[in-house]
Amino acid sequence: MTTHIERASAHADTLAHTLANTLPAQQGSVRTVPVGHNVAAAALPGKLAPAMNTLLKPTVFILLSLPFLWLVYALFVGELGANPIEAITDYTGEWALRILLLTLALTPLRMVLRKPWPIRLRRMVGLFAFFYALTHLLTYLLLDQQLDGRAILADIIERPYITAGSVGFLILFALAITSTKGMMKRMGKRWQSLHKLVYVGTGAALLHFVWLTRGDQIEPLIYLAVFCVLMLFRMKKLAKRITATS
Amino acid sequence: MKDWMQIAGIKSSEITDETVFRRRRQLIQASMAAGITGFIGGEAVAKALPQPIKPWPDSAMDELTKEEMATSYNNFYELGTDKGDPVKNADKLVTEPWSVVIDGECDAPGKFTLEDILKPHDIEERIYRLRCVEAWSMVIPWNGFPLGDLLKRFKPNSKAKYVAFETINDPNLPGMKSRVLDWPYREGLRMDEAMHPLSLMAIGMYGNVIPSQNGAPLRLVVPWKYGYKSIKSIVRITFTEKQPPTSWNMSAPHEYGFFSNVNPDVSHPRWSQAKERRLAGDTSGLAALFSKKIESQFMNGYGDEVAELYADMDLTKFF
């Protein structure tokens with residue numbers, strides 16, 4: 001059973017490329033998986049299916065590019081206010097976190113909808129999260145700290161929120177560079193274990209947000225709540241697996 | 001500690017035609033750039049603001065922050081925690097009528113209308129650097145009068161060692177529904193700090209009535225301390241014998257001390273205070289991305305004037 005699932009996912013371009021791989025890990029053959037969920041690819045019924053297959057990725061690509069395009073526009077028309085560097089830092093950081101949570105929402109979405117298409121988006125959405133996180137980091141390094149090495153090092157060591165942010169970025173970086181098909185093949189089983197780190201990375205990013213916010217904590221708490229809900233789906237899955245093995 | 005009356009009496013300044021000329025030119029450029037001719041409201045304040053306003057000879061010579069920037073990027077949590085909130089919610093702050101309660105250790109306490117408060121004072125224009133604890137700074141021409149001149153009128157007695165301030169506490173203000181700080185917003189100064197000639201009561205900026213988002217109709221400006229010490233929209237001034245509680249110190253005592261003097265050598269848990277981003281000049285296009293970050297100065301550059309207030313103190317301990 002497991003090997004069948006593995007093969008299906010490896011062949012289907014839909015399941016292969018993800019930052020947050022949440023496929024059931026190989027845990028031995030005892031585990032049972034409802035077949036209908038995982039037979040991927042062109043399983044969409046009706047006339048809509050081909051159109052959706054073609055348009056899904058480009059549409060999501062454009063949607064996730066919009067926040068960045070708006071930022072460039074806002075910068076040039078002077079919409080970013082009195083402190084544009086701070087505005088860019090906050091904005092790219094928030095979008096990185098939102099898209100990261102969206103990545104983690106795709107597997108639960110598949111479970112709820114019982115459709116395979118959310119999984120086809122995981123790698124792209126994950127790479128978008130990385131893109132915004134990279135923009136966030138570069139804004140900090142180049143524009144905020146202006147490559148002042150000592151100040152940057154002091155920040156990473158002395159300020160827990162920056163330490164957490166650095167950890168989160170390093171994890172996303174590792175996931176992004178191993179997100180290619182080639183890397184996936186080369187790494188085999190270790191790829192799955194590595195990409196499970198997306199949970200740690202998201203946790204670190206959230207901690208970064210909670211710790212840096214002074215005063216009003218409502219916004220970071222909303223993100224934290226969304227993360228907890230998304231993790232509950234994984235817990236459910238884990239619980240199922242445990243009951244199935246025992 | 002020095003006798004505060006003595007300190008208040010000290011004022012040395014030299015006027016040169018050159019500095020006056022440069023300052024005026026800066027001001028005219030700034031107001032033209034802003035394209036703003038005046039703010040509506042604050043009749044009492046408008047009456048008290050002379051035109052033209054007498055310039056102060058010791059004003060900072062740095063490039064001015066544009067008026068539109070200084071009035072749209074504000075930390076005023078009663079009007080919302082986002083820096084763009086206060087200007088959006090400015091109309092929620094009702095500044096007329098306005099009165100200030102003076103109480104505590106003084107011989108002439110009472111409740112005074114804004115007119116009463118402002119009447120005897122000559123308004124002057126002082127350009128100060130404003131350094132926020134968040135590591136950004138502005139250069140703002142304030143219109144006001146020395147705080148010490150105001151405090152003396154209420155005859156503080158020998159027990160008055162500190163002076164406490166309170167911001168308006170109106171539950172209708174949009175930001176006050178959140179429990180982000182323990183309202184009302186409170187600040188305080190040691191008496192010698194309050195009587196120092198640099199401590200200013202402001203009612204205007206850039207020659208206009210101070211807008212709500214900047215602390216209408218009456219706010220404090222203490223240029224050698226982090227911005228949050230310069231309390232906005234003051235409704236109460238209390239002379240105290242003991243050091244009064246202050247809002248950010250109450251909220252996070254290890255981050256915000258009572259004194260809160262600008263000090264690049266004392267790092268804050270969130271922000272290194274060694275440098276600051278000067279918010280002046282371009283805010284759009286590529287130029288905005290490379291706005292200069294400058295070295296922060298001890299006491300925000302006012303060390304020559306105020307260092308003596310802290311002569312015997314360990315500033316890493318009393319931050």
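In which sense, parallel or antiparallel, do β2(B) and strand β11 (residues 234–240) of chain B pair? Select both: they pair in the parallel sense, over 4 bridges. Strands count as paired here if DSSP finds at least two bridges between them. The strands themselves are DSSP runs (E, at least two residues) and helices are runs of H or I (at least four), numbered from the N terminus.

Before you click on, note that this is a predicted model: local features need pLDDT of at least 70 and side-chain atom pairs count only at pLDDT 80 or more, while totals for chains, interfaces and linings use all residues. Residues are numbered from 1 along each chain as its sequence is written, and chains are lettered from A, with ligands numbered from 1, in the order in which they are written.

**Stop 1: around β2(B).** Pick Asp103(B) and you'll find its bridge partner in β11(B), Thr238(B). Val100(B) has Phe112(B) as its bridge partner in β3(B). The link from β2(B) to β3(B) is a hairpin through 5 residues.

**Stop 2: a loop residue.** Go to Lys119(B), in the loop between α6 (114–118) and β4 (124–131) of chain B. Why does Lys119(B) count as exposed? Because it has 12 C-beta neighbours inside 10 Å; exposed means 12 or fewer other C-beta atoms within 10 Å, buried means 20 or more, and partly exposed is in between, with C-beta atoms placed from the backbone. Show Ala48(B) too: it is 71 residues from Lys119(B) in sequence, but the C-alphas are 7.4 Å apart.

**Stop 3: the cores.** A nonpolar core is a set of buried Ala, Val, Leu, Ile, Met, Phe, Trp, Tyr and Cys residues joined through C-beta atoms within 7 Å. The largest has 82 residues, and those touching the most other members include Ile140(B), Val163(B) and Leu220(B). Strand β5 (residues 136–146) of chain B gives the most to this core, with 6 residues.

**Stop 4: where the chains meet.** Here 21 residues of chain A are in contact with 24 of chain B, contact meaning backbone-placed C-beta atoms within 7 Å. On the chain A side, α4 (48–77), α5 (84–113) and α8 (149–158) each supply at least two residues, and α8(A) gives the most, with 4.

How values were computed:
Two residues are in contact if their C-beta atoms, placed from the backbone, lie within 7 Å.
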